[in-house]
Amino acid sequence: MIRRIKSEIKIIGINFFIVAVFFTIAVIAFAIIAGELLDFYSVSFEVIFPFFVTIIAGEWGKTRADGNFDIIASQSKSVFHWVLCRYVIIFGLSCIFAILSMTGASAVRYELPLWELLIIYFPPAFFLSSLCALFGIICRQEHIATLICGIVWLITLIARSLLRLPGIEYLYLFIRYTGDPNHIWLWNKGIITLAGLFLWGILYGLCRRPNLS
């Protein structure tokens with residue numbers, strides 16, 4: 001297992017770490033210069049950082065678009081285990097940088113406890129990156145999964161007016177960013193996390209198809 005992890009990290013390459021380090025520094029710098037921006041934490045860790053993780057999952061955690069996909073699929077007992085392993089590694093590494101960003105931001109402007117920042121961050125990051133993993137196993141073309149998830153992210157931001165409809169606030173990805181007037185954000189985050197797990201159920205079913213295993 002350790003050998004597999006080292007192999008995946010080697011495939012990810014140094015560029016990922018360079019980009020992640022600079023992005024982390026940029027978030028901390030933004031925390032310093034943001035002043036009295038009230039929505040700093042929700043903007044940074046509920047909206048921007050999950051989108052960054054989604055890009056990472058699509059561009060560095062690609063699966064079907066990987067040039068070695070057919071070889072891996074023919075040699076693996078389960079394509080799903082390979083997809084899950086790659087996702088866990090890339091998502092885990094991204095979360096480490098997210099935690100570093102939260103810690104650095106809290107050091108310069110403490111407004112929310114770390115546990116609350118983690119709850120704000122994890123569900124949208126998990127859902128969007130899981131959606132990217134799902135489209136990553138469907139689409140052979142590079143960048144398509146990232147593009148689709150980017151469109152979903154953008155439409156979600158634009159469609160804030162849909163929160164006027166009953167029940168939508170429980171499904172909206174960026175509820176703290178909108179202000180959470182009804183204080184249902186914990187329910188919202190739980191439902192979004194379950195939705196991410198549901199996407200993995202679909203992905204598992206796709207990986208069991210004969211042409212993918």
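This is a predicted model: local features need pLDDT of at least 70, side-chain atom pairs count only at pLDDT 80 or more; totals for chains, interfaces and linings use all residues.
The secondary structure of the chain consists of eight helices and zero strands, so the pattern read along the sequence is simply α-α-α-α-α-α-α-α. Along its principal axes, the C-alpha trace spans about 55 × 40 × 25 Å.

Running over residues 114-138, α6 has 25 residues and reaches 36 Å from its first C-alpha to its last, close to the 36 Å expected at 1.5 Å a residue. Even so, α6 carries a kink of about 25° at F122, shortly before the proline P123. The helix is mostly covered, with 18 of its 25 residues buried.

α6 also takes part in the lining of the largest cavity. The count comes to one cavity of 30 Å³ or more, and about 140 Å³ of space lies in the largest cavity. Its lining is made up of 19 residues, of which A57, G61, K62, T63 and G136 are the closest to the centre. Helices α3 (40-59), α5 (79-108), α6 and α7 (144-158) each supply at least two residues of this lining. By class, ten of the lining residues are nonpolar, seven are polar and two are charged.

How values were computed: Residues are numbered from 1 along each chain as its sequence is written. Side-chain values use heavy atoms; hydrogens and water are left out. Helices (H or I, at least four residues) and strands (E, at least two) are DSSP runs, numbered from the N terminus. The expected span of a helix is 1.5 Å times one less than its number of residues. The bend at a residue is the angle between axes fitted to the seven residues ending there and the seven starting there. Buried means under 20% relative accessible area, exposed over 50%, partly exposed in between (1.4 Å probe, protein chains only). On a 1 Å grid over the protein atoms alone, a cavity is a set of points where a 1.4 Å probe fits but cannot get out, and a pocket is an open set with protein on both sides within 12 Å along at least five of seven lines; lining residues have an atom within 4 Å of a point. Grid points are joined across faces, edges and corners, and a volume is the space filled by probe spheres set on the points. Ala, Val, Leu, Ile, Met, Phe, Trp, Tyr, Cys and Pro count as nonpolar, Asp, Glu, Lys and Arg as charged, and the others, Gly among them, as polar.
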